[in-house]
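Have the structure open as you read.

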Amino acid sequence: VKNLVRHFSDPSVGCVSGRLVLGRADGSVAESQGLYWRFEMALRRMEGAIGLMHTATGGIMAFHRSLFRPFGTKYGDDCIIPLDILEQGYRVVHADDAIAYDTFPSSMRGELRARTRKTLRNITCTLSKYNLLNPFKHPGLCWAIISHKILRWLTPFFMLTAAISNAFLISEGTFYLATGVAQCLFYVLGLVGLVGEILKIRIPLASQIFSFLLANIGFLLGVLKAIGGGQVTAYRNRGPCQGA
């Protein structure tokens, strides 16, 4: 807690988010999502270093009470509170030495449900703060949010576009044939990883690819639900406080 709140000695800081450390859990889904989370923490450290931090981890977050704005239940606190504080002209910072502990969902169903829910809530929240996405008013912050969040949520659509366009171009030359074969091999390895997950067998590379695909299915479902006007206002058995 001391490592979290000491940053408030800087009057420009309105919100501080710490580092969530994930304990080991059984299954390749949990292991691979651990890699994903370490990448997320690395992004936050870099964004914090250049003053473009815009998200937080609900399980270890502090903010000035005076800056808090009540928000609807369709928003996640770890998304809406930092954006509200940025909107008021204060900074969000990352405290790497303020640590909390948790575990990832270790099942396919649990991970898919959590990823879909988080994507839906974070899209709804982020797009509600459209003024922060103005590249003329907030160029750095706008790019940080788009590159960190929005492009990540759109990854499955990019993948589908690449696969479909490659199918139409495969007869156009060796390059497109090679990229088509590479994509097919990638998805075949994902299916092998799925079989390994069902059989509780960790298969190097295939298990990681399967977990990547599982996360992107969650992104896809979350985006489609957001487009359809879906909302999450309550849920049971809340998963880890991973943030976005």
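Predicted model: local features only at pLDDT ≥ 70, side-chain atom pairs only at ≥ 80, totals over all residues.

Residues are numbered from 1 along each chain as its sequence is written, and side-chain values use heavy atoms, with hydrogens and water left out.

From α7, the residues F186, Y187, L189, G190, V192, G193, L194 and E197 are in contact with A206, S207, I209, F210, F212 and L213 of α8; contact means heavy atoms within 4.5 Å. Sorted by class, this contact has 10 nonpolar, three polar and one charged residues. Here Ala, Val, Leu, Ile, Met, Phe, Trp, Tyr, Cys and Pro count as nonpolar, Asp, Glu, Lys and Arg as charged, and the others, Gly among them, as polar.

The axes of α7 and α8 (residues 206-227) are 7 Å apart, at an angle of about 95 degrees. That makes α7 roughly perpendicular to α8. Angles of 65 to 115 degrees count as roughly perpendicular, under 35 as roughly parallel, over 145 as roughly antiparallel and the rest as oblique. Axes are lines fitted to C-alpha atoms, for helices over the stretch in contact, and angles run from 0 to 180 degrees between N-to-C directions. Helices are DSSP runs (H or I, at least four residues), as are strands (E, at least two), numbered from the N terminus.

## α5 against α6

Helix α5 (residues 139-153) and helix α6 (residues 155-169) have axes that come within 4 Å and cross at roughly 50 degrees. That makes α5 oblique to α6. L151, R152 and W153 of α5 touch T155, P156, F157 and F158 of α6.

R152 also forms a salt bridge with E40 (2.8 Å, N to O), a salt bridge being a side-chain nitrogen of Lys or Arg within 4 Å of a carboxyl oxygen of Asp or Glu. This pair joins distant parts of the chain, with R152 in α5 and E40 in helix α2 (residues 28-49), 112 residues apart. The whole structure holds 11 salt bridges.

## A nonpolar surface patch

L160, I164, F168, L169, F175 and Y176 make up a nonpolar patch on the surface, with about 630 Å² of accessible area together. Its largest share, four residues, comes from α6, while Y176 lies in α7. Such patch residues have over 30% relative accessible area and no salt bridge, with nonpolar side chains (Val, Leu, Ile, Met, Phe, Trp, Tyr) joined within 5 Å. Accessible areas come from the Shrake-Rupley method with a 1.4 Å probe.

Methods. Patch = residues over 30% accessible without salt bridge, like charges linked within 9 Å, V, L, I, M, F, W, Y side chains within 5 Å.
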